[in-house]
Amino acid sequence: MRGTSRGDRPKSPSAPIVVGVDGSASALGAVSWAAAECARHHVPLRLVHGFMLPTSDYPEILVTSAEVRHAIEQQVRDWLTEATAAARATAPDVEVTTEILCCGAAGLLIEESRKARLVVAGSRGLGTVTGLLVGSTAVALAAHAHSPVVVVRGTETPHGPVVVGVDGSPTSEAALAFAFDEASVRGAVLVAVMTSQDFTVDSAYNVSRMAVDWAQVEEDERRLLAQRLAGWQEKYPDVDVQRVVLRDRPARALLRYAAQAQLLVVGSRGHGGFTGMLIGSTSQALVHHAPCPLAIVRPVR
């Protein structure tokens, strides 16, 4: 039940995990994470790099000399060699393949995601401006990839839980499928978090709480969470599940529980997503601030 977008076919069980490599420390961290993931799932690792040939100040003049292209490709080959070594240091038995293509990095990884089990990216690449919390390629992948995406950021707690956000939407159902599978292969506890957000009404005179029976809301959500988890707990009896229902903003609650997690899993959009949005506000916030590796999963269509 891996997440795919409209028009995608289910991935082969042997579909590779794909990582974009750009020579940055962040990308090498993503490669090591992905290699360990490949070892867990017994799938190959594919390392790719997309580059664009430089142009002069005049758009109609494209610098395509053999020397320039050769220099770029040699640099990329060095990066891929370093990344391959990092992968093999983490998981010596994983099959590793590499490819260099002349195209934009984000576009390449989005296209690769059509046939990938998973696409993995570092949180920042070489082109990131100092102070920017997440690179443009990772943001583009989170919004447009056809497979689940993992942004490797923060610090992974090796024996921590897998944390998943649940809201009853189709995307959170896909996130549950992914999270249970990850918790099972990792031998980790699964923490399923559902939130009730408080509301206020502003007026010229005061700010008052809406008349909501929050005890009833929380009881209803505990029941809904139990229903959403029941089938998955039957499928994965080996996974120890902790249920959490809070009155809090989803992103803030998930950040709290992810602080000691080895993986945080969310759907690409929840019930609050606007039609046409490719990534919801909670997922967007977590791409920038998650304290551990973050998986963003799309629903099966």
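**Exercise 1. Determine whether phenylalanine 180 and tyrosine 236 are buried or exposed, and then describe the aromatic pairs that involve phenylalanine 180.**

Solution. Step one concerns accessibility: phenylalanine 180 is buried, and so is tyrosine 236, where buried means under 20% relative accessible area, exposed over 50% and partly exposed in between, with a 1.4 Å probe and protein chains only. This is a predicted model, in which local features need pLDDT of at least 70 and side-chain atom pairs count only at pLDDT 80 or more, whereas totals for chains, interfaces and linings use all residues. Residues are numbered from 1 along each chain as its sequence is written, and side-chain values use heavy atoms, with hydrogens and water left out.

Step two applies the ring criterion, by which rings of Phe, Tyr and Trp (its six-membered ring) pair if their centres lie within 6.5 Å, and planes under 30 degrees apart count as stacked, over 60 as edge-to-face and the rest as tilted. The count by this rule comes to two aromatic pairs. One of them is the stacked pair of phenylalanine 180 and tryptophan 232, at 6.3 Å centre to centre and with 25° between the planes. This pair links distant parts of the chain, since phenylalanine 180 sits in helix H5 (residues 170–186) and tryptophan 232 in helix H6 (residues 214–235), 52 residues apart; helices (H or I, at least four residues) and strands (E, at least two) are DSSP runs, numbered from the N terminus. Both phenylalanine 180 and tryptophan 232 are buried.

Step three turns to phenylalanine 180 and tyrosine 236, which also form a stacked pair, at 5.7 Å centre to centre and with 25° between the planes. Phenylalanine 180 lies in helix H5 and tyrosine 236 in the loop between H6 and strand S10 (241–246), so this pair ties together parts that are 56 residues apart in sequence.

**Exercise 2. Work out the strand order of the open sheet, and find which strands are its edge strands.**

Solution. Begin with the order, which in this open sheet of ten strands with mixed pairing is S3-S2-S1-S4-S5-S12-S11-S6-S7-S10; two strands pair if DSSP finds at least two bridges between them. The edge strands are strand S3 (96–101) and S10, each of which pairs on one side only. From one strand to the next, the twist averages 20°.

Next, consider what packs on the sheet: helix H2 (residues 66–90) touches strand S2 (45–50) and S3, and its direction makes about 160° with that of S3. Contact here means heavy atoms within 4.5 Å, while axes are lines fitted to C-alpha atoms, for helices over the stretch in contact, and angles run from 0 to 180 degrees between N-to-C directions.
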